[in-house]
Amino acid sequence: MSFMPRHILEERIGDFGRPVHADHLTVLRRPAIASVLAGGPVEALSGMAEVSLRPVGPGQWLAVSQSLPGSLLAESLAAALAGLGAHVVDQSDGFVLMHIAGPNVRRILAKCIAVDLHGDVFAIGQAAAMMCCHVAANVARVGADAFEIAVPRSYADDVFEEIVEMGREFSLTSAFDDA
Amino acid sequence: MSAFRLSHGGLVDRSRGIGFRFDGDDLRGYEGDTLASALLASDRLLVGRSFKYHRPRGIVTAGSAEPNALLTIGTGARSEANTRATVQELYDGLVAKSQNRWPSLKHDFGAINGLLSPFLGAGFYYKTFMWPAAFWEKVYEPMIRRAAGLGRAVMEADPDRYEKAWAHCDLLVIGAGPAGLMAALTAARAGARVILADEGFRLGGSLLSERVSIGNAAAADFVRDVLQELASLDTVTLMPRTTVFGWYDDNVFGAVEKVQKHLASPSPDLPVERLWRIAAKAAILASGAEERPLVFGGNDRPGVMMASAARTYLNRFGVGAGRKVAVFTNGGSGYQAARDLASQGAEIAAIIDGRASAGEAMPAGTRMIVNAGVTKTLGRHRIEGLVVERSGHEETIDCDALLMSGGWSPVIHLACQRGAKPVWSEELQAFVAPDVGPRLWLAGSAAGLSGIGDCLRDGSAKALDCLAALGKPGSAPEMPEVEGEYDAGFAPLWYVPGARDKAFVDFQNDVHVRDLSLAQREGFGHIEHTKRYTTLGMATDQGKLGNVNTVGIVAGMRGVSPAEIGTTTFRPFYTPVSFGAMAGTARAERARPTRTSPLHGWAKKNGAQFVDAGLWFRSAWFPQSGEKGWRQSVDREVLAVRANVGLCDVSTLGKIEVFGRDAAEFLNRVYSNAMLKLPVGRARYGLMLREDGMVYDDGTVSRFAEDHFLITTTTAYATEAMAHLEFCAQALWPNLDVRFVSVSDQWAQMSLVGPKARLVLEKIVEDDVSNAAFPFLAARAVTLKGGLKARLFRISFSGELAYELAVPANYGEAVADVLMEAGRPHDICPYGVEALNVMRIEKGHVTHAEIDGRTTPDDLGLGKMFAASKPDFIGKRLSSRFGLTAADRLQLVGLRPVDKAKELTAGAHLLKEGAKPSMANDQGHVTSVCFSPVLGRSIGLALLKSGRERYGEKIVVWDKLRGHDEIVAEVCSPVFVDPENSKLHQ
Amino acid sequence: MASLIPCPHCGLRPKEEFSIRGDASPVRPAPTASDESWHRYVHIRDNPKGRIVEHWHHALGCRRWLVVERDNLSHEVFGVTDAADWAKRKEA
């Protein structure tokens, strides 16, 4: 018996051959995401390649990997943290990860996010939990003009629609990463 | 003809003509015009009728303080009432209509109010329409509303888009006049992140209206050069058409940007307006100064205009306000206007100065009348002359325009919006802003300066102060030489005596001097009372022109200094902001975020009808063809589930993982029942209380490991319950080792319910799910055939054999499809929350209809879940207080109508038979009702006084407020179906 | 329309990210404490003007409960502490 996963945005952006403009939103189809809970710092994870550790709050992170399968990420994190009193929860299905990039990305996100995303304040590699389109999100700067936004799956349709709407003035396009 | 367009000069582009329409007439203007300048250039002096007396009114200002020239712009759904023509950018195809007139602007029936005016003074409505009381709503108010007023709102939906955005900067400069430009330049050169915002569509502020030269260049060229430099820096954001309307906590400013209000057909990809919240480390308010009108008889006649406005129309728009212009002034501004107009060929009829003498330079041959005042203006729809009075001698002077200047008031609104009171300055004869702290500075004429050179220097100096406070070194740019300045000094003249017509203080709300004296006489002397009694300053212009004069006049009446009178309170918004901008995209179905269940697609393709449940859409029922109405579908679903098997989406329940050495201890403290000894692999129903002893929420607790639990909450309380747990862990018991993470979105969860549920489940679960291997309340990870990891819980809300199966959300739809397929031989039935609700009522389970914040565990028949032996848990201590243990508390019971055909209603009250319906006789109320297809009758749950002792009693169900007949029902146990719980364990 | 709260974990954030519970000064009494002290803890709140301490939940950020010390008249924020640290300090 095999079950096919279905992305929540499938219906909205499922079609192939969509245009890609300078300002573009990519929805990652199967990223691995896990919540990491720990009492203290998680240096044990610093050596893990292919895993980006994004702070949520004190003692809590969102681990994101675009190469490891979902359950494997959680398992390898748990293994790395074994004995440290840390807990790992697979959230690969709990979040939708969007990558948005382009010359106008900050002007688009200024309409979605209240936090100052200027490079001097929110540098490349930085991430934080913050409100995005009224929803609790985790936002990471992955490039000078590139951000990744993780939002809870049930809100993703709504957030996606709002970001696309806010991108209209810059002809923002959107597609899955494998489209 | 009086007002006219000059053949040259100004900042309009005469090569680009623009056609527009005013009250049905086709008119023309130029690119760079405002609607007001184009109307004036077309000699349209009469543009509106006043609010109360319907007096003819014309354009008074050239800016955002305009009280008179309020027009309805646009057509159909895009028509916008009360738009100030003085700030409306002209565009091709603009359609403008005057307001508050019938049948036409020139022949307005309402003008009869002017004749009735002796009766229409301040407080007239309050005094007159007192009785009969019933008349107020039906007769008086509609009548007054029709007669008085502004434009009409359209009833069609707004077709345009609006947006909201945040901006962040080191320095926000408000106003792009001389001070603002210099402040922005100084800060920008120091590398600061600067935002320069101005309400005008062209940056430059008052410099665009001046004939001075700055650094040997025309003022407009100086502006252009500064803007070019600013625009070249990527640390600078220029925001024209952006009104900063409010100063809020923590130096956040509210601003509205008119993105496309100057276009006939706005692009659908852009908003028409954008609401900004600008978080500024520091800000400079360079909003300039407002010229004050003079208060004299007939000062509202079309053609009477502020002197500075006439200069703006002349110098910026190339429009002469008249050919034979009279000036009434108490300071330098009037003389400068006369000089400017004379230089463009206008005849100056006379300069009337309220002061005893003036040392002003005058155009050659101009007649000057000092120590004099205008008492009356002549003409009807436009000024034709004036009557001037000097030492008791009156003289009539012909003119086609009258320019007035009563001195200057710094525009300090923003600085005083957060509680600071304006301070009277004897020296400036104006209110100025007090020190409002280190994050907002006033510069230029907003700070009381008047010369352009002074304003340029002040802007730069204040920017340096800000930079120093931000720890950024800066240096002042070289100050250019300014030539051609005039002295704007004035002597106060609050009110011109001897008025022979109404002397208006507040043009827009038709408040004149006699209203002010009436307010004083009738005891409304405090300035805040005067305002409300006379409605002065309460129009859409918020008294920008009239308020300071009012204070001066009231001070004069009382014989005190304006300092003693003070001002009314300054509040946002500085100018009106549309509801569209305030709402942004949050309109209609996007008014709040919506949440989509992972099984939404499954429900949709099975034909679900959806219902709003908080932010969710939940499947309510699944109609089949031929079914007439929801009840028929729900009855079928209930019977199918109880006979065979059904599948329901329960993904919306809150799901929280709880970890930590002290997780069990923690849960033991937040649930009222015992949790410490819950075995691994088992689930338990859990009840959370509030600290006051009332039930807060219910759900299940499952233990996966010694230090790992999963708890569920109701859909409604998912968010709050999570915050509650976090509060308990962080603020109450920070020493417990416990951590949470919500996994509500990670799992799709479905209920598989009914006697044949196991037969279906077996087909897709790898693990042994036999009754022995997976008994009632088992809870553990399982593997689906093919390898998908899942979680299985044997819990039941319906009283049937039931499982909840959780799979990763992206697989939810696929798994539900397979379950449907596997269940087909067993007639599996998808069911929704309505059937779920029927089954829980049949089984006597409570939801938030019963957990209403006033019920204790015992009230709900859940007394066993109150573990009194535990030393402490949330809600324990206050559960024993008086009242919560009283014998006559409302207790959960079942109800069934004695007449099987009758239907109960939720919310109905309960009365003893024969008792009169009254609060004193109230025995309780019905909380939940349904038609039970199993029993073939209406049943209900109710909260009834001492209910559990009253099984068998007949009680009256009273719901007459909603028009239902009384029903007699029998009180019974709330468990209608399978009271022995035999089905659960099968 | 706006105000910014300096979250000790996340930095300056708009108030929309937070929800406010109320006065942070009442301390949960011991289970054995008197009826009166429990009654006061659950039902009685002072309504002071000026400097106050409040529990704020950074619901759309780090999900920590915070103690915000601020002036309810001027809205000036004097300091923000993690509620756990605050509770532990109070206990000590």
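Visitor: How many residues does the contact take from chain C and from chain B?

Guide: Contact means heavy atoms within 4.5 Å. Here the contact takes 29 residues from chain C and 31 residues from chain B. This is a predicted model, in which local features need pLDDT of at least 70 and side-chain atom pairs count only at pLDDT 80 or more, while totals for chains, interfaces and linings use all residues. Residues are numbered from 1 along each chain as its sequence is written, chains are lettered from A and ligands numbered from 1 in the order in which they are written, and side-chain values use heavy atoms, without hydrogens and water.

Visitor: What area do chain C and chain B bury between them?

Guide: The size of an interface is often given as the accessible area lost when the parts come together. Buried area is that loss, taken with a 1.4 Å probe and summed over both parts. Chain C and chain B bury about 2,600 Å², and 57% of it lies on carbon and sulfur atoms.

Visitor: How many salt bridges does the rule find across the interface of chain C and chain B?

Guide: A salt bridge is a side-chain nitrogen of Lys or Arg within 4 Å of a carboxyl oxygen of Asp or Glu. The rule finds 5 across this interface. In a salt bridge, the side chains of C:Arg63 and B:Glu726 meet at 2.9 Å, N to O.

Visitor: Is B:Phe109 buried or exposed?

Guide: Buried means under 20% relative accessible area, exposed over 50%, and partly exposed in between (1.4 Å probe, protein chains only). B:Phe109 has 58%, so this residue is exposed.

Key: Buried area = accessible area lost by both parts, 1.4 Å probe.
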